[in-house]
Amino acid sequence: ERQSRLESKLSEREREVLILIAQGLSNRDIAEKLVLSEGTIKNHVSNILNKLQAENRTHAVDIARRYGLA
């Protein structure tokens, strides 16, 4: 249930980006893997941080792990 609440806050692409962040990938690496621009990834990361009320990428990953998402 907790996981579904977190998942409902994020789009499918945002969840995908968050999982890749949790795997230690940089924005550039994520952009290459998803065949998107680095700017698009930065926008996704910004949205993730806002939606999760996370201070930074590490905090976002911590939140995702607590909810069993990453």
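Is His44 buried or exposed? His44 is buried, because its relative accessible area is 16% and buried means under 20%. The model shown in these views is predicted.

**View 1. His44 in helix α4.** His44 belongs to helix α4, which spans residues 38-52. With neighbours up to four places away in sequence set aside, the contacts of His44 are Arg13, Glu14 and Val17.

**View 2. Packing of helix α2 against helix α5.** Helix α2 covers residues 12-22 and helix α5 covers residues 57-66. Their axes lie 9 Å apart, and the packing angle is about 105°. The two helices are therefore roughly perpendicular. On the α2 side the contact is formed by Leu18, Ile21 and Ala22. On the α5 side Arg57, Ala60, Val61, Ala64 and Arg65 take part. By class, this contact holds 6 nonpolar and 2 charged residues, with no polar ones. Just after α2, Gly24 has a positive phi of about 90°.

**View 3. Crossing of helix α4 and helix α5.** The axes of α4 and α5 come within 10 Å and cross at roughly 60°. This angle makes α4 oblique to α5. The crossing is left-handed. Helix α4 contributes Val45, Ile48, Leu49 and Leu52 to the contact, while α5 contributes Arg57, Ala60 and Ile63. Of the residues in this contact, 6 are nonpolar, 1 is charged and none is polar.

**View 4. Val45 in helix α4.** Val45 sits in helix α4. Val45 counts as buried because its relative accessibility is 8%. Apart from neighbours within four places in sequence, Val45 touches Val17, Ile21, Asn27 and Arg57. Between Val45 and Gln23 the C-alpha to C-alpha distance is 14 Å, at a separation of 22 residues in sequence.

**View 5. The largest nonpolar core.** The largest nonpolar core contains 22 residues. Those with the most contacts inside the core are Val17, Leu18, Ile30, Ile41, Ile48, Leu52 and Ala60. At least two core residues come from each of α2, α3 (27-34), α4 and α5. Leaving out residues up to four places away in sequence, Leu52 is in contact with Leu6, Leu10, Leu18, Ala60 and Ile63.

View 6. Most residues other than glycine have a negative phi. Val35, which is not a glycine, has a positive phi of about 55°. The residue lies in the loop between α3 and α4. Val35 is classed as exposed because its relative accessibility is 72%. Gln53 lies in the loop between α4 and α5. The phi of Gln53 is also positive, near 55°, and Gln53 is likewise a residue other than glycine. With a relative accessible area of 69%, Gln53 is exposed.

Note on methods
Residues numbered from 1 in each chain as written. Predicted model: local features only at pLDDT ≥ 70, side-chain atom pairs only at ≥ 80, totals over all residues. Heavy atoms only, no water. Axes fitted to C-alpha atoms, helices over the stretch in contact; angles between N-to-C directions. Helix = DSSP H or I, 4+ residues; strand = E, 2+ residues; numbered from the N terminus. Parallel < 35°, antiparallel > 145°, perpendicular 65-115°, else oblique. Contact = heavy atoms within 4.5 Å. Nonpolar A, V, L, I, M, F, W, Y, C, P; charged D, E, K, R; others polar. Buried < 20%, exposed > 50% of the residue type's maximum accessible area, 1.4 Å probe, protein only. Left-handed = near helix turned anticlockwise from the far one by under 90°. Core = buried A, V, L, I, M, F, W, Y, C linked by side-chain atoms within 4.5 Å.
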